[in-house]
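Please look at the sequence and the 3D structure shown here, and keep both in view while reading the report.

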Amino acid sequence: MTQPLRYRLVVDVMVLMVRDDGRVLLLRRAGQVYASGLLCPPGGHLEDGETVTAAALREAAEEVGVTIARRDLEFCHAVHHRSPEGEGRIGMVFTTQRWTGEPFNREPEKCSALVWADPARPPADCVPYTATILERFCAGDLLSEHGWQTGGAA
């Protein structure tokens with residue numbers, strides 16, 4: 001009897017940078033990238049041999065030029081996402097209220113603007129995955145599922 005293949009998926013990491021007024025930083029994706037024109041938090045893919053926290057810190061530095069101390073990064077949410085094409089992913093979401101440096105667009109070929117948004121009222125032009133994350137973050141949920149036909153919250 002043949003054993004089923006192990007399920008493998010991409011791991012995304014995201015950082016919700018929260019200002020004193022409660023707004024979170026979102027980036028408007030641009031160019032030849034997935035979801036060009038839509039908003040999402042700083043983040044990216046986990047690299048081979050990298051921890052999720054190291055990836056979150058790296059992505060914040062690469063995308064918006066800030067340094068976050070590891071002690072200021074807190075896990076806040078995990079999302080099991082399925083893309084419209086059927087690809088499964090796990091998103092590990094962290095939050096921080098402290099960073100060094102003023103956020104700026106370090107990747108103009110991938111991002112056209114930085115937007116501070118109320119997470120309780122996500123802009124209509126968020127990546128759907130992002131809108132779910134913000135909704136669940138505001139509700140205090142640690143886990144959500146997005147894009148699956150059955151078995152969880154949409």
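## About the model

This is a predicted model, in which local features need pLDDT of at least 70 and side-chain atom pairs count only at pLDDT 80 or more, while totals for chains, interfaces and linings use all residues. Residues are numbered from 1 along each chain as its sequence is written, and side-chain values use heavy atoms, with hydrogens and water left out.

## The nonpolar cores

A nonpolar core is a set of buried Ala, Val, Leu, Ile, Met, Phe, Trp, Tyr and Cys residues joined through side-chain atoms within 4.5 Å, where buried means under 20% relative accessible area, exposed means over 50%, and partly exposed lies in between (1.4 Å probe, protein chains only). The largest such core has 17 residues, and those touching the most other members are L16, V24, L26, V93, Y129, I133 and L134. Two or more residues of this core come from each of β1 (10-17), β2 (24-29), β3 (39-40), β5 (74-82) and α2 (128-139), and the largest share, three residues, is supplied by α2. These names follow DSSP runs numbered from the N terminus, with helices (H or I) of at least four residues and strands (E) of at least two.

If residues up to four places away in sequence are not counted, Y129 touches D12, M14, V79, H81, I90, G91 and H146. A second, separate core holds twelve residues, including M17, L25, A56 and C111.

## The largest pocket

A pocket is found on a 1 Å grid over the protein atoms alone, as an open set of points where a 1.4 Å probe fits, with protein on both sides within 12 Å along at least five of seven lines, and its lining residues have an atom within 4 Å of a point. The largest pocket holds about 660 Å³ of space, a volume being the space filled by probe spheres set on the grid points, which are joined across faces, edges and corners.

Its lining consists of 29 residues, and R29, Y34, G43, G44 and H45 lie nearest the centre. At least two lining residues are supplied by each of β1, β2, β4 (43-45), α1 (52-64) and α2.

## Two aromatic pairs

Rings of Phe, Tyr and Trp (its six-membered ring) pair if their centres lie within 6.5 Å, and planes under 30 degrees apart count as stacked, over 60 as edge-to-face and the rest as tilted. A search of the whole structure finds two aromatic pairs. The rings of F75 and F94 have centres 6.2 Å apart and planes at 80 degrees, so this pair is edge-to-face. Because F75 lies in strand β5 and F94 in strand β6 (residues 88-96), the pair ties together parts that are 19 residues apart in sequence. F75 counts as partly exposed at 39% relative accessibility, whereas F94, at 3%, counts as buried.

The other pair, W99 and W116, is stacked, with 6.2 Å from centre to centre and 20 degrees between the planes.

## A positive phi

Most residues other than glycine have a negative phi. A35, however, has a positive phi, near 60 degrees, and lies in the loop between β2 and β3. At 17% relative accessibility, A35 counts as buried.

Methods. Contact means heavy atoms within 4.5 Å.
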